[in-house]
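Here is a short briefing on one protein model. Please look over the sequence and the coordinates before reading on.

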Amino acid sequence: VYYLDPDGRFKSTKKYFIISSGKKNLLKLTTKSGKVLYASPEHLLLTQDQGYMRAGDINKFQKIAIEK
C-alpha cells in the first residue's frame, strides 16, 4: 500500500487494514501511461490541481497522483 507523507512523497507500508463497507460499484480509471486503478466513486484521489477529489468527480483531463 502506498501513501503520501507530509512532504508529498510516496511511501510504502505493509501495515494496513481493510474495512468492509458493503458492495459498491467500482470505477475503472486508466492513466495516459496505461496504468489501471479501480476505486469506488467515493474514494478520494489526489489530483495535481484540485487537491483530493472523489473518484466519481474526476474527468479525463485531470492528473492524479500515482506511483511511477
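The notes below go from the whole chain to single residues.

This is a predicted model, in which local features need pLDDT of at least 70, side-chain atom pairs count only at pLDDT 80 or more, and totals for chains, interfaces and linings use all residues. Residues are numbered from 1 along each chain as its sequence is written, and side-chain values use heavy atoms, with hydrogens and water left out. The protein chain has six strands and zero helices. Of its 68 residues, 16% count as buried.

**Fold and confidence**

- Along the sequence, the pattern of the protein chain reads β-β-β-β-β-β.
- Strands (E, at least two residues) and helices (H or I, at least four) are DSSP runs, numbered from the N terminus.
- The C-alpha atoms fill a box of roughly 35 × 30 × 20 Å, taken along the principal axes.
- The chain averages a pLDDT of 84, and 97% of the residues score at least 70. pLDDT is the predictor's confidence in each residue, from 0 to 100.
- Confidence is lowest in strand E1 (residues 2-4), at a mean of 72. The highest value, 92, belongs to strand E3 (residues 27-30).
- Take the contacts (heavy atoms within 4.5 Å) between residues at least 6 apart in sequence: 17% of them join residues at least 24 apart.

**Nonpolar core and Met53**

- In soluble globular proteins, nonpolar side chains tend to be buried together.
- Here the largest nonpolar core has six residues in all: Leu29, Ala39, Leu45, Met53, Ala55 and Ile58. A nonpolar core is a set of buried Ala, Val, Leu, Ile, Met, Phe, Trp, Tyr and Cys residues joined through side-chain atoms within 4.5 Å.
- Met53 sits in strand E6 (residues 51-54). Met53 counts as buried because its relative accessibility is 15%. The classes are buried under 20% relative accessible area, exposed over 50% and partly exposed in between (1.4 Å probe, protein chains only).
- Beyond four places in sequence, Met53 touches His43, Leu44, Leu45, Thr47, Ile58 and Gln62.
- Met53 and Lys15 are 38 residues apart in sequence and 24 Å apart in space, C-alpha to C-alpha.

**Loop residues**

- His43 lies in the loop between strand E4 (36-39) and strand E5 (44-47). His43 is partly exposed because its relative accessibility is 41%.
- The contacts of His43, not counting residues up to four places away, are Met53, Arg54 and Ala55.
- Asn25 is in the loop between E2 and E3. Asn25 is exposed, since its relative accessible area is 66%.
- Asn25 touches Ser40 and Pro41, not counting residues up to four places away. Asn25 and Pro41 are 16 residues apart in sequence and 7.7 Å apart, C-alpha to C-alpha.
- Arg9 belongs to the loop between E1 and strand E2 (10-12). At a relative accessible area of 46%, Arg9 is partly exposed.
- Outside four places in sequence, Arg9 is in contact with Tyr3 and Leu4.

**Second largest pocket**

- The volume of the second largest pocket is about 390 Å³.
- On a 1 Å grid over the protein atoms alone, a pocket is an open set of points where a 1.4 Å probe fits, with protein on both sides within 12 Å along at least five of seven lines; lining residues have an atom within 4 Å of a point.
- Lining residues of this pocket include Leu29, Ile58, Phe61 and Gln62.
- By class, the lining has five nonpolar, four polar and three charged residues.

Notes: Grid points are joined across faces, edges and corners, and a volume is the space filled by probe spheres set on the points. Ala, Val, Leu, Ile, Met, Phe, Trp, Tyr, Cys and Pro count as nonpolar, Asp, Glu, Lys and Arg as charged, and the others, Gly among them, as polar.
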